[in-house]
Amino acid sequence: MKHLISAGDLSRDEALLILDTAEELARVSERSIKKLPTLRGRTVVNLFFEDSTRTRISFEAAAKRLSADVINFSAKGSSVSKGESLKDTALTLEAMGADAVVIRHGASGAPHRLANWVRGSVLNAGDGTHEHPTQALLDAFSMRQRLGRLDGLKVAIVGDILHSRVARSNVLLLSTLGAEVTLVAPPTLLPVSVERWPCQVSYDLDAVLPKADVVMMLRVQLERMNAAYFPSAREYSRRYGLDRDRFAKLHDDAIVMHPGPMNRGMEISAEVADSPRSTIVEQVGNGVTVRMAALYLLIGGENQ
Amino acid sequence: MIVIRNARILGGEPRDILIANGLISEIGAGLGGDTVIEADGLIALPGLVDLHTHLREPGREDAETVETGTRAAAMGGFTAVHAMANTSPVADTAGVVEQVWRRGQEAGHCDVHPVGAVTSGLEGKHLAELGAMADSQARVRVFSDDGKCVSDAVLMRRALEYVKAFDGVVAQHAQEPRLTEGAQLNEGEVSGRLGLTGWPAVAEEAIIARDCLLAAHVGSRLHVCHVSTAGSVEIIRWAKSKGWNVTAEVTPHHLLLTDSCAEASPVGPYNPIYKVNPPLRTQEDVTALREALADGTIDCVATDHAPHPVEDKETEWAAAAMGMIGLETALSVVQEAMVETGLLDWAGVADRMSVRPARIGRLAGQGLPLEPGSPANITLYDPAVRTPVDPTAMVSRSRNTPYEGLTLPGRVVATLLRGRPTVLDGKLV
């Protein structure tokens, strides 16, 4: 593995290696001294063109726990806001000797483009409406931790699939790992060719819930309403929100996930989000360990 | 007097072509002249005519100029190009079209026929002074807001009606604006996977259907720019079957490339070298376009040569400019897509790349058969070679060719404009 740009690039063995490595590293997080010397002398750049404090601090914590030097580069107030191109930013980072560049960008495919211009590893921390592979890895990690397996697991992903990088990465990774994914959304929020994705599709959340082992609720942005993807927040919530009544339809071991940030009362009710069967908080913690594993496997080798 | 020896006119038996005073004076065997162009094994075609070229002057001389763009045209075997109106300032007045026309005359590499904007500033609000452009020295007959669609149905109707007064044609860039807000790539399997905002085929097809109906209603002439979908082909076939005066063009890139280039290509995924308007479509669309060009439903090939400087393409996909250059590779791509596949013979290529575009543009001296009395607009082409496409070897000021990494057949050896060589031995004269 040179880069981690798409969850679809990972073989089953590679994906499992990341999850198993994360499991080992998780034990470190339980120690009082959480730091490992593994990436000492390596430089990790967090290149964030979109505001995402959660993802950035997660990568930052992961790199620091492995003793890497971390440079945070956010687009606001930097040369980027003065019109510097992605390429010139990349060449600047290259000149600074970045071993890994963690990029969050509003344009789909920006990490692929970046990989042409830097020698270091590129980690995709979310690109436009394309992918967010470390989110999928931490989701898979959380599922395996709670339910003990991924093979044959029935996962419902509910919400704005069309614009969701989390959904794309999860469909690719989970199908590689043997889980059965069903996407649930109003037809307007599904890509036109979704039937060719390696998953099932449904418009009917109530029909899917009783069979699901995992329900992953996606954030629905209110601006979609203005673009006529759905008539109103209330109607969306009634048809696709996970409220108490729907929650009751889940079988007893099923878990509820959300990549955050949540719209409480929109796609998920507060009591569901805060229930013991919600993994939302542990997803955050797992994010750090999975990202440690990814960084370690990408730039922890002898030849770097 | 120039004699071209042993040229295979439209791929036929070798003949000599004698040229005097800019005209073809004789075709036969063993002809002599002061200057001899040996054309053993070369195919002679009437000089190619492009209905759709962006020369970028005035305004974006960093991307292309009339001088550099017409050099590229000559190198590609063209003797006439139509310069699109989306310059800065827009070619929406007699003054601007005359300037472009004059720059073409001065450059001398091929004829430059400016296209006039349909609406002032391409803003889609008021008709530009179409009559003034038609009556100017540039004698504009093709009007287009290309780059933008004349989406207002009333304005389109009026434009179609108005240009009848001077036998003009409205060349529509068919793109329903609301259906394509922020659109990046053909809406389908690839756009869904790549997370790029989809550009649905229906956005093109709906406008073409409407415009065909409008053209029929007012009895006017419609030309459809860069047809890119199988559905558009069906609509145009239907309109033609009704006897309506509708013509259409297809670009070389839509005959060869698909949206899968955005995902997997010799130059990596998400490379905006493949970003173009209309977007590259699917293999089914490519097949339908080739068949439509072969059966005449689509009248002609037009390059939509769209030069952009490097910095406008060396970006993330969404930030990149739309368009690709195509003058220097057009004939090779048509050979690859249409001739090698048996869909067109060389007479068919001449018809689709010279005769019909000249007729649509109402160019009197272009697209005429290679016979005594015709102006000596001639392209000599070697179909036997295959060479890798080298962007750095092109004479266009820009390098945004989508064919880098491909090996394409054929090479333009010589181009003659009214008997005067503009290209000889594959080099500019």
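**View 1. The contact between chain A and chain B.** Chain A puts 22 residues in contact with 18 residues of chain B. Contact means C-beta atoms, placed from the backbone, within 7 Å. This is a predicted model: local features need pLDDT of at least 70, side-chain atom pairs count only at pLDDT 80 or more, and totals for chains, interfaces and linings use all residues. Residues are numbered from 1 along each chain as its sequence is written, while chains are lettered from A and ligands numbered from 1 in the order in which they are written. On the side of chain A that touches chain B, the elements giving two or more residues are α3 (86-96), α4 (110-117) and α6 (165-176) of chain A. Helices (H or I, at least four residues) and strands (E, at least two) are DSSP runs, numbered from the N terminus. α4(A) gives the most, with four residues. By class, this side of chain A has six nonpolar, ten polar and six charged residues. Nonpolar covers Ala, Val, Leu, Ile, Met, Phe, Trp, Tyr, Cys and Pro; charged covers Asp, Glu, Lys and Arg; the others, Gly among them, are polar.

**View 2. The two domains of chain A.** Domain 1 takes 7-131 + 284-299 and domain 2 takes 133-279. These bounds come from an automatic or database domain assignment. The C-alpha centres of the two domains lie 25 Å apart. Their contact takes 22 residues from domain 1 and 18 residues from domain 2. α1 (12-30), β4 (121-127) and α12 (280-299) of chain A each give two or more residues to the domain 1 side. That side has ten nonpolar, seven polar and five charged residues.

**View 3. The fold of chain B.** Chain B holds eleven helices and 19 strands. Its C-alpha trace spans about 60 × 50 × 45 Å along the principal axes. Of its 429 residues, 59% count as buried, with 20 or more other C-beta atoms, placed from the backbone, within 10 Å of their own. Among contacts between residues at least 6 apart in sequence, 74% join residues at least 24 apart.

**View 4. Helix α2 of chain B.** The 14 residues of α2 (residues 94-107) should span 20 Å at 1.5 Å a residue, and the end C-alpha atoms are 20 Å apart, which agrees. The expected span is 1.5 Å times one less than the number of residues. Buried residues of α2(B) include B:V96, B:V97, B:V100, B:W101 and B:R103. The buried residues pack against α1 (66-75), β7 (78-83), β8 (111-114) and α3 (130-135) of chain B. B:G108 follows α2(B), with a positive phi near 80°.

Conventions
Buried ≥ 20, exposed ≤ 12 C-beta atoms within 10 Å, placed from the backbone. Contact = placed C-beta atoms within 7 Å.
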